[in-house]
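Q: I am new to this structure. Could we go through some parts of it together?

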Amino acid sequence: MTMSRKLVAGIDSSTQSCKVVIRDADTGDLVREGRAGHPAGSEVAPREWARALDTALAEAGGLADVSAVSVAAQQHGMVCLDEQGEVVRPALLWNDTRSAKAADELVAEAGANGRREWASAVGSVPLASFTVTKLRWLAEHEPQAARRTAGVVLPHDWLTWQLAGAKGIDSTTTDRSDASGTGYYSPATNSYRHDLLATALGHDAALPAVLGPRERAGVTAEGALLGVGAGDNAAAALGVALRPGDVLVSIGTSGTVFAVAEQPCADASGAVAGFADATGRFLPLVCTLNAARVLDTTARLLRVDVAQFSELALQAPSGADGLVMVPYLEGERTPDKPEATGSLHGLTMRTMSAAHLARAAVEGMLCGLADGLDALIAQGVRVGRILLVGGGARSEAVWRIAPTIFGRPVVVPPPGEYVADGAARQAAWALSGLPEPPQWSAARYATHHIQGKPAGIRERYAQARDQVLNRLVTGP
């Protein structure tokens with residue numbers, strides 16, 4: 001007699017879209033999948049996430065035969081709820097930088113050692129992307145909405161709550177990984193700092209219960225068990241089974257560089273965020289605002305598609321004959337300069353070509369991520385190899401050039417929905433009740449090694465980057 005297999009669903013509600021994967025709980029084999037788009041912009045009505053989730057689930061065949069489901073989503077987004085559980089205003093997303101001034105205010109209010117005080121309290125120094133700074137912005141610019149706010153949740157919390165029936169703001173749940181990106185939760189002590197929340201918002205508010213990585217957050221209307229969920233980066237780490245000595249570099253809407261660690265991180269410089277992971281450990285992380293869209297924008301400028309852009313970049317020599325792009329096209333988070341703009345350095349008759357510009361865009365984007373890698377190393381993170389994922393990692397130019405920029409072997413997993421896969425693996429973990437997540441069979445990864453000399457690429461980038469940053473301090 002053949003027993004029917006158990007299925008689990010993983011949901012990735014990202015900035016741009018919602019992806020659903022349905023996998024075999026025991027083997028991890030993909031059974032079916034679906035997706036739907038999200039509205040563009042840096043704020044969105046949460047009902048749009050629910051609409052996209054419904055569409056993606058329908059395309060994936062629904063949850064009727066699924067035993068467990070878990071939601072991963074973009075971190076930091078501010079979802080304010082009133083006492084009845086209604087959304088107070090559209091959610092501010094991580095990439096909304098209007099709270100940059102609020103971040104500075106919160107640090108300054110902590111005193112002369114404000115950055116160190118914040119890092120010690122919650123593992124991270126507030127940035128415009130963090131929920132706590134958005135709450136301060138709300139209190140200052142929309143005081144009536146702030147006064148209506150009785151509870152605050154994150155995108156993955158809100159979606160999990162909806163799937164569980166949304167029975168009241170006292171029934172919301174979250175996990176350590178997502179809570180650690182708020183600015184009012186300490187992953188080191190596993191506790192909220194309600195005092196910091198009240199400092200930002202002007203009053204205290206209900207917050208989701210923080211569940212353990214394999215705990216259950218409820219059941220769906222179809223009877224599927226609900227896993228606790230996770231922030232997108234922690235889910236991606238779970239999806240690729242990140243191991244000690246690995247650093248994951250994700251090149252998507254934003255760029256992230258992170259590793260799983262046994263000890264918490266508290267970087268007073270603010271470069272490294274001391275987040276938690278989805279297994280009970282920690283996830284020191286560096287984020288850049290400028291990643292794959294640097295390549296997309298440059299390709300549009302050159303009027304070529306993605307494949308042609310990659311070919312152009314590989315036609316130019318390593319170092320692009322001295323042409324350097326500092327790709328702060330949307331401001332920047334690391335370094336924390338939301339008002340920064342991009343720049344080109346080293347334009348000559350020789351370097352003013354499509355191939356040189358394409359090469360400079362790839363190298364500049366990777367150099368920004370390599371700065372993040374340096375920051376992790378400074379915090380004691382051990383680096384053996386780099387796992388390169390995300391839409392930008394599919395570019396041949398990116399994965400061929402990356403080992404030279406990073407100075408480490410680069411492993412490129414096959415394209416996949418690693419955030420959704422991590423959520424599915426978490427759902428299977430909650431279903432199993434075992435101490436560790438299931439060890440699904442891993443695909444063979446292609447490893448790319450350093451070829452040729454770096455040709456001073458990072459040194460020239462550092463000089464150009466510092467010129468940009470110095471101008472922000474001294475003016476033109």
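This is a predicted model: local features need pLDDT of at least 70, side-chain atom pairs count only at pLDDT 80 or more; totals for chains, interfaces and linings use all residues.

Q: Where is L226 placed?
A: L226 is in strand β14, which spans residues 225–227.

Q: Is L226 buried or exposed, and why?
A: L226 is buried, because its relative accessible area is 0% and buried means under 20%.

Q: Which residues is L226 in contact with, leaving aside neighbours within four places in sequence?
A: L226 is in contact with V69, T160, L163, A164, E215, R216, A217, G218, V219 and T220.

Q: What separates the C-alpha atoms of L226 and R471?
A: A distance of 50 Å separates them, and the two residues are 245 residues apart along the chain.

Q: Changing topic, at what angle do helix α4 and helix α8 pack?
A: Helix α4 (residues 131–141) and helix α8 (residues 194–201) pack at about 35°, and their axes are 7 Å apart.

Q: Which residues make that contact?
A: From α4 they are V132, L135, R136, L138 and A139, and from α8 they are L196, L197, T199, A200 and L201. Eight of these residues are nonpolar, one is polar and one is charged.

Q: How many residues has the largest nonpolar core?
A: That core has 58 residues, and V247, V249, I251, V362, L366, L388 and F406 have the most contacts inside it.

Q: Which helix gives the most to this core?
A: Helix α12 (residues 354–378) does, with 14 residues.

Q: And what other core lies apart from it?
A: Another core, of 53 residues, lies apart from it and includes A121, V125, F130 and F258.

Conventions. Residues are numbered from 1 along each chain as its sequence is written. Side-chain values use heavy atoms; hydrogens and water are left out. Helices (H or I, at least four residues) and strands (E, at least two) are DSSP runs, numbered from the N terminus. Buried means under 20% relative accessible area, exposed over 50%, partly exposed in between (1.4 Å probe, protein chains only). Contact means heavy atoms within 4.5 Å. Axes are lines fitted to C-alpha atoms, for helices over the stretch in contact, and angles run from 0 to 180 degrees between N-to-C directions. Ala, Val, Leu, Ile, Met, Phe, Trp, Tyr, Cys and Pro count as nonpolar, Asp, Glu, Lys and Arg as charged, and the others, Gly among them, as polar. A nonpolar core is a set of buried Ala, Val, Leu, Ile, Met, Phe, Trp, Tyr and Cys residues joined through side-chain atoms within 4.5 Å.
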